[in-house]
Amino acid sequence: MKSIMVHAGGDDAFESRLQAGLDLARRSHGHMSLILPRPTQDYVAFDMFGGAHFVAEAFEAAENEREKLCTRIECAVEGRGCALGLANV
């Protein structure tokens with residue numbers, strides 16, 4: 001196993017997933033990719049008539065939270081001897 005994909009998120013189980021991914025990547029001399037999901041409900045509002053509207057303020061707030069998560073991840077992985085990639089989806 002040389003490429004490990006880990007779902008990144010702000011949930012309680014993320015730290016455990018991150019640690020497990022780091023352990024596997026180090027043992028196999030592999031590369032860990034963190035997948036950062038971008039759920040549409042973070043920045044799209046739906047009305048009762050079936051319309052969808054882009055909410056710029058909500059998108060900006062969600063992007064700020066994603067940036068904080070990326071910074072936290074990079075700090076957590078720094079110096080752990082593992083190649084890391086971040087994928088935004």
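This is a predicted model: local features need pLDDT of at least 70, side-chain atom pairs count only at pLDDT 80 or more; totals for chains, interfaces and linings use all residues.
1. The chain exposes about 5900 Å², of which 57% is supplied by carbon and sulfur atoms, while 29% of the 89 residues count as buried.

2. Overall dimensions. The C-alpha trace spans about 55 × 25 × 20 Å along its principal axes, and the radius of gyration of the chain is 16 Å, whereas a compact globule of 89 residues would have one near 12 Å.

3. Secondary structure. The chain contains two helices and five strands, and, read from the N terminus on, these elements follow the order β-α-β-β-β-α-β. Among contacts between residues at least 6 apart in sequence, 62% join residues that are at least 24 apart.

4. Nonpolar core. The largest nonpolar core has 15 residues, and those with the most contacts inside it are Leu-18, Met-32, Leu-34 and Ile-73. Two or more residues of this core come from each of strand S1 (3-7), helix H1 (14-28), strand S2 (31-36) and helix H2 (56-77). As general background, nonpolar side chains in soluble globular proteins tend to be buried together.

5. Surroundings of Leu-18. Which residues does Leu-18 touch, not counting those up to four places away in sequence? With that exclusion, Leu-18 touches Val-6, Met-32, Leu-34, Ala-76 and Val-77; of these partners, Met-32 and Leu-34 are also listed, together with Leu-18 itself, among the residues with the most contacts inside the core.

Methods:
Residues are numbered from 1 along each chain as its sequence is written. Side-chain values use heavy atoms; hydrogens and water are left out. A nonpolar core is a set of buried Ala, Val, Leu, Ile, Met, Phe, Trp, Tyr and Cys residues joined through side-chain atoms within 4.5 Å. Buried means under 20% relative accessible area, exposed over 50%, partly exposed in between (1.4 Å probe, protein chains only). Helices (H or I, at least four residues) and strands (E, at least two) are DSSP runs, numbered from the N terminus. Contact means heavy atoms within 4.5 Å. The radius of gyration is taken over C-alpha atoms; the globule rule is 2.2 Å times the number of residues to the power 0.38. Accessible areas come from the Shrake-Rupley method with a 1.4 Å probe; for residues, only the protein chains shown count as cover.
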